[in-house]
Amino acid sequence: MSHFLANLQLTCALCKICFYSCFTCVLCRRRRRRPKPEIPVICVGLTSSGKTTLLNLLNGEPTTDAPQPTLGFNIKAVEGASVVFSVKELGGGVAPYWRRYYDGARGIVFVVDASADDAAIEAARDTLVAVIVDPRLAGAPCLIVGSFQDRAGARPLPVLHARMDAARACGGGERAWTMRVCSRDDPSAARDAFADFEKYFTQSPPGAAGEAEENRV
Ligand SMILES: Nc1nc2c(ncn2[C@@H]2O[C@H](COP(=O)(O)OP(=O)(O)OP(=O)(O)O)[C@@H](O)[C@H]2O)c(=O)[nH]1
Ligand SMILES: [Mg+2]
């Protein structure tokens, strides 16, 4: 009888050890989940094109109050499905100094006010061209966001695409790029734009040149 009890106790002890090991193993695996890789990108565009507002929108912050113009730069993290973009917004007011901040950038987010007049859209296009020709940004995928879609007269995607001459502005097939439109009251459009952009950093080969297939107009 005492032999039987001793065996029973031993069996119980072994079961407890097994259960505890499995439990801690599951916990450890959860804790060991790898952090998402960080992708540094710059966010540029003319003054008041909506850069800060876009980043606030992506972070669930209020977008109805007018933000202060960005004097210098402003860094925000934008979490994607499998990467975290570390977005450095460079204020339009310091455009002559933007190039000081290009080092290490792996992507470009260019914001353009889609409701602006033709001359301003052309100025935005020229600004984009001047940015992407910098050798430090060679091959960096580009996301163009046409903001202010809530304004009457804002150009929809195909019109903005044509007016910006986006394919040529982005290097005529030498660079992976995509264009999206959104407004400050449309967080899902902003998230979709970044999800589209993220593909260039997660698919292989990374940054296949050209515009995202689904955005061709
Ligand atoms: N109606 C409307 N207003 C917007 C939108 N996006 C931005 N704004 C407004 O436009 C103004 C300028 O927006 P910002 O986000 O500060 O522009 P920015 O590009 O960061 O400007 P800088 O930092 O000076 O280069 C603010 O008053 C915003 O509230 C939009 O989609 N719709
Ligand atoms: Mg700003």
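A residue is called buried here if 20 or more other C-beta atoms lie within 10 Å of its own, exposed if 12 or fewer do, and partly exposed in between, with C-beta atoms placed from the backbone. The legends below refer to a predicted model, in which local features need pLDDT of at least 70, side-chain atom pairs count only at pLDDT 80 or more, and totals for chains, interfaces and linings use all residues. Residues are numbered from 1 along each chain as its sequence is written, while chains are lettered from A and ligands numbered from 1 in the order in which they are written.

**Figure 1. The protein as a whole has 6 helices and 7 strands.** Helices (H or I, at least four residues) and strands (E, at least two) are DSSP runs, numbered from the N terminus. Reading along the sequence gives the pattern α-β-α-β-β-β-α-β-α-α-β-α-β. Of the 217 residues, 34% count as buried. Two residues are in contact if their C-beta atoms, placed from the backbone, lie within 7 Å. Among contacts between residues at least 6 apart in sequence, 72% join residues at least 24 apart. On confidence, pLDDT is the predictor's own score for each residue, from 0 to 100. The protein averages a pLDDT of 88, and 81% of the residues score at least 70. Over residues 213-217, however, the pLDDT is below 50, and this stretch has 6 contacts in the model beyond near neighbours in sequence. Where pLDDT is low, the predicted coordinates should not be read in detail.

**Figure 2. Strands S1, S3, S4 and S5 are linked by parallel pairings.** Two strands pair if DSSP finds at least two bridges between them. Strand S1 (residues 38-44) is joined to strand S3 (residues 84-90) by 6 bridges, and the two run parallel. Within that pairing, Ile42 stands opposite Lys88 in S3. S1 also pairs with S4 in the parallel sense, over 4 bridges, and here Val41 has Gly107 of S4 as its bridge partner. Another 6 bridges join S4 to S5, again running parallel.

**Figure 3. Val109 sits in strand S4 (residues 107-113).** Is Val109 buried or exposed? Val109 is buried, because 26 other C-beta atoms lie within 10 Å. Leaving aside neighbours within four places in sequence, Val109 is in contact with Val41, Cys43, Val87, Leu143 and Val145. Leu143 is also the bridge partner of Val109 in S5. Leu128, 19 residues from Val109 in sequence, is 9.8 Å from it in space, C-alpha to C-alpha.

**Figure 4. The largest nonpolar core has 49 residues.** A nonpolar core is a set of buried Ala, Val, Leu, Ile, Met, Phe, Trp, Tyr and Cys residues joined through C-beta atoms within 7 Å. Which residues have the most contacts inside this core? They are Val41, Cys43, Ile108, Val109, Phe110, Cys142 and Ile144. Beyond four places in sequence, the contacts of Cys43 are Lys51, Leu55, Val87, Lys88, Glu89, Leu90, Val109 and Val111. In strand S5 (residues 142-147), 6 of 6 residues are buried. Cys142, Ile144 and Gly146 point one way from S5, and Leu143, Val145 and Ser147 point the other way. In soluble globular proteins, nonpolar side chains tend to be buried together.

**Figure 5. The shell around ligand 1 contains 22 residues.** A residue is near a molecule if its C-beta atom, placed from the backbone, lies within 6 Å of it. Gly50, Ala66, Pro69, Thr70 and Gly92 come nearest. Helix H2 (residues 51-58) gives the largest share of the shell, 3 residues. The shell divides into 5 nonpolar, 13 polar and 4 charged residues. In this grouping, Ala, Val, Leu, Ile, Met, Phe, Trp, Tyr, Cys and Pro count as nonpolar, Asp, Glu, Lys and Arg as charged, and the others, Gly among them, as polar.

**Figure 6. Phe148 and Asp165 each have a positive phi.** Most residues other than glycine have a negative phi. Phe148, with a phi of about 65°, is found in the loop between S5 and helix H4 (157-164). Phe148 counts as buried because it has 22 C-beta neighbours inside 10 Å. Asp165, with a phi of about 50°, lies in the loop between H4 and helix H5 (166-169). Asp165 is partly exposed, with 14 other C-beta atoms within 10 Å.
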